[in-house]
Amino acid sequence: MSHEILEHAVASDTTPGTQHFKPFEASAEIEALADERITHYPVSKLSAVLPLLHIVQHHFGFISKEAIDWVANKLEIEKIKVLSVVTFYPGFRQSAPGKFHYRICRTLSCAMEGSYELMEKICEITNIDRTQLSHHQPIVVSPCGNYSVEFAECLASCGTGPVCLVNDDFHESVTPDKAQELIDKYQA
Ligand code: FES
């Protein structure tokens, strides 16, 4: 794949949520964390792609073009190999989420308990245009940049749906009438 096509395939990373995340920087801390992780894969550095991407997303909120370049250089592999991992796993984001990112399970048990209605409610309260959610745009950010939503597949708590992750916090039995309560827990 040519350089131009690759650049085109990397999503634009600017959203109203960008204000909450510092730009990617290969600081001494990040380099040291990556170097340590790479030592766990003495046979093939390629195996360190996932851990390095997790480090990037944990520190910078999403995987930017600059971060893809850095991971590729760090592991001495082609950029396209890093990009293919980023685009394969839904857990990796290519654009900035909101300060509070809501991931709502839409798999059968949660859907039957009202997860789609919960999504509607959260979007309504946070002024997110839910119609923008699609396969090509899995995350939509509120105009203020404080909130974002995304559907998730089964989050492994099917008996207590609807289930929702807010950043790293797990919430169970979040029926649509509890949407406001869930938003109120996280104030910008
Ligand atoms: S269906 Fe939602 S957690 Fe399994």
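Helices here are DSSP runs of H or I with at least four residues, strands are runs of E with at least two, and both are numbered from the N terminus. Lys74 is found in helix 4. We'll come back to that lysine.

First, the ground rules. This is a predicted model, where local features need pLDDT of at least 70, side-chain atom pairs count only at pLDDT 80 or more, and totals for chains, interfaces and linings use all residues. Residues are numbered from 1 along each chain as its sequence is written, and side-chain values use heavy atoms, with hydrogens and water left out.

Now pockets. The grid is 1 Å, over the protein atoms alone; a pocket is an open set of points where a 1.4 Å probe fits, with protein on both sides within 12 Å along at least five of seven lines, and lining residues have an atom within 4 Å of a point. Points are joined across faces, edges and corners, and volume is the space filled by probe spheres set on them.

The largest pocket comes to about 970 Å³. It has 37 lining residues, and His135, Gln137, Pro138, Ile139 and Glu150 are the closest to its centre. Helix 5 (79-88), strand 2 (140-141) and strand 3 (147-152) each give two or more residues to that lining. Where does the largest pocket lie? Domain 1 (3-88) and domain 2 (100-185) both contribute lining residues, so it lies between them. Those domain bounds come from an automatic or database domain assignment.

The second largest pocket has a volume of about 530 Å³. Gln57, His58, Arg93, Asn167 and Asp168 are the closest to its centre, out of 21 lining residues. Helix 3 gives the most to this lining, five residues.

Next, the cores. A nonpolar core is a set of buried Ala, Val, Leu, Ile, Met, Phe, Trp, Tyr and Cys residues joined through side-chain atoms within 4.5 Å. Buried means under 20% relative accessible area, with a 1.4 Å probe and protein chains only. The largest core has 24 residues; Leu53, Val56, Ile63, Val71, Leu75 and Val82 touch the most other members. Helix 2 (28-38), helix 3, helix 4 (65-75) and helix 5 each supply at least two of its residues. A second, separate core has 20 residues, including Val140 and Phe151.

Back to Lys74. Buried or exposed? Lys74 is buried, at 17% relative accessible area. Contact means heavy atoms within 4.5 Å. Beyond four places in sequence, Lys74 touches Glu31, Ala34, Asp35, Ile38, Lys45 and Leu52.

Terms used
Buried means under 20% relative accessible area, exposed over 50%, partly exposed in between (1.4 Å probe, protein chains only).
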